[in-house]
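Please keep the sequence and the model in view while reading.

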Amino acid sequence: SGDTMTVPSGATFNVAGTLQSGGAALGNAPCFMASIVADQTITDNTWTKLAASTEIIDTDGCYDHSTNYRFTPDVAGKYLIHGQVYTVGNIANGYTDGGARVYKNGSGITPMLETIAGDNGRGWAQIFSTIVDMNGSSDYVEMYGYLNVASGNAYFGSGSSPGEKTMWYGYKLIGV
């Protein structure tokens with residue numbers, strides 16, 4: 001109704017099954033968003049980890065943007081993980097198929113493969129969303145991409161337009 005409630009420091013309350021204390025606000029944290037800063041050359045026909053070193057958002061310092069490029073949330077719960085891998089072959093009509101997937105604790109959990117019939121492509125955005133249960137201590141997720149080219153080099157694109165950008169993000173869902 002637009003009313004404001006003040007919760008004193010140290011108070012504990014339960015809202016829709018989510019326990020909060022110390023005056024903490026309800027929200028979708030921890031959350032992160034990261035992208036690659038330059039095109040990432042990859043090995044043809046091989047699942048390759050996305051080296052997303054540019055943090056756009058990292059509310060709780062749970063995203064490793066310099067070593068492992070992984071999200072390890074420190075709060076247990078269900079997390080929405082979304083990403084886009086712009087897979088590119090460097091010659092026209094050199095792209096045969098590509099994909100993107102989330103890995104949890106080192107294992108692929110969301111296989112996705114987009115096939116381009118008859119070597120008719122050069123670049124394609126692989127877009128996905130999934131919900132992942134995380135324990136809040138040791139579980140982590142990483143993003144991988146895949147590209148098979150008929151000839152030439154393969155890479156993840158870092159283009160300036162949204163459709164040609166390789167990035168991913170995740171956040172804790174509330175109320176589930």
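## Strands and the model

Strands are DSSP runs marked E, of at least two residues, numbered from the N terminus. Thr87 lies in strand 7. The model described here is a predicted one.

Apart from neighbours within four places in sequence, Thr87 is in contact with Tyr95, Gly99, Arg122, Gly123, Trp124, Gln126, Tyr146, Leu147, Tyr155 and Phe156.

Tyr95, one of these contacts of Thr87, belongs to strand 8, which covers residues 95-104. The relative accessible area of Tyr95 is also given as 0%, so this residue is buried. Between Tyr95 and Ala150 there are 55 residues of separation in sequence, but their C-alpha atoms are 6.1 Å apart in space.

## The nonpolar core

The largest nonpolar core has 26 residues. Those with the most contacts inside this core are Leu50, Tyr63, Phe71, Ile81, Val141 and Trp168. At least two core residues are supplied by each of strand 3 (31-35), strand 7 (77-89), strand 8, strand 11 (123-134), strand 12 (141-149) and strand 13 (154-156). Strand 12 gives the largest share, with four residues.

Not counting residues up to four places away in sequence, Tyr63 touches Phe32, Ala34, Ala52, Glu55, Asp58, Tyr69, Arg70, Phe71 and Trp168.

## Aromatic rings

A pair of aromatic rings is described by the distance of the centres and the angle of the planes. Ring centres within 6.5 Å make a pair, and by this rule the count comes to eight aromatic pairs. Tyr103 and Tyr144 form a stacked pair, with 3.8 Å from centre to centre and 25° between the planes. Because Tyr103 lies in strand 8 and Tyr144 in strand 12, the pair ties together parts that are 41 residues apart in sequence. Both Tyr103 and Tyr144 are buried.

Ring pairs also link Phe32, Tyr63, Phe71, Tyr79 and Trp168 into a cluster. Within this group, Tyr63 touches Phe32, Phe71 and Trp168, among other residues.

## Charges over rings

Two arginine residues are placed over aromatic rings. Arg70, which is among the residues touched by Tyr63, lies over the face of Tyr140, at 3.7 Å from the ring centre. The charged end of Arg101 sits over the ring of Trp47, 4.2 Å from its centre.

Methods:
Residues are numbered from 1 along each chain as its sequence is written. This is a predicted model: local features need pLDDT of at least 70, side-chain atom pairs count only at pLDDT 80 or more; totals for chains, interfaces and linings use all residues. Side-chain values use heavy atoms; hydrogens and water are left out. Buried means under 20% relative accessible area, exposed over 50%, partly exposed in between (1.4 Å probe, protein chains only). A nonpolar core is a set of buried Ala, Val, Leu, Ile, Met, Phe, Trp, Tyr and Cys residues joined through side-chain atoms within 4.5 Å. Contact means heavy atoms within 4.5 Å. Rings of Phe, Tyr and Trp (its six-membered ring) pair if their centres lie within 6.5 Å; planes under 30 degrees apart count as stacked, over 60 as edge-to-face and the rest as tilted. A charge sits over a ring if NZ of Lys or CZ of Arg is within 6 Å of the ring centre and within 35 degrees of the ring normal.
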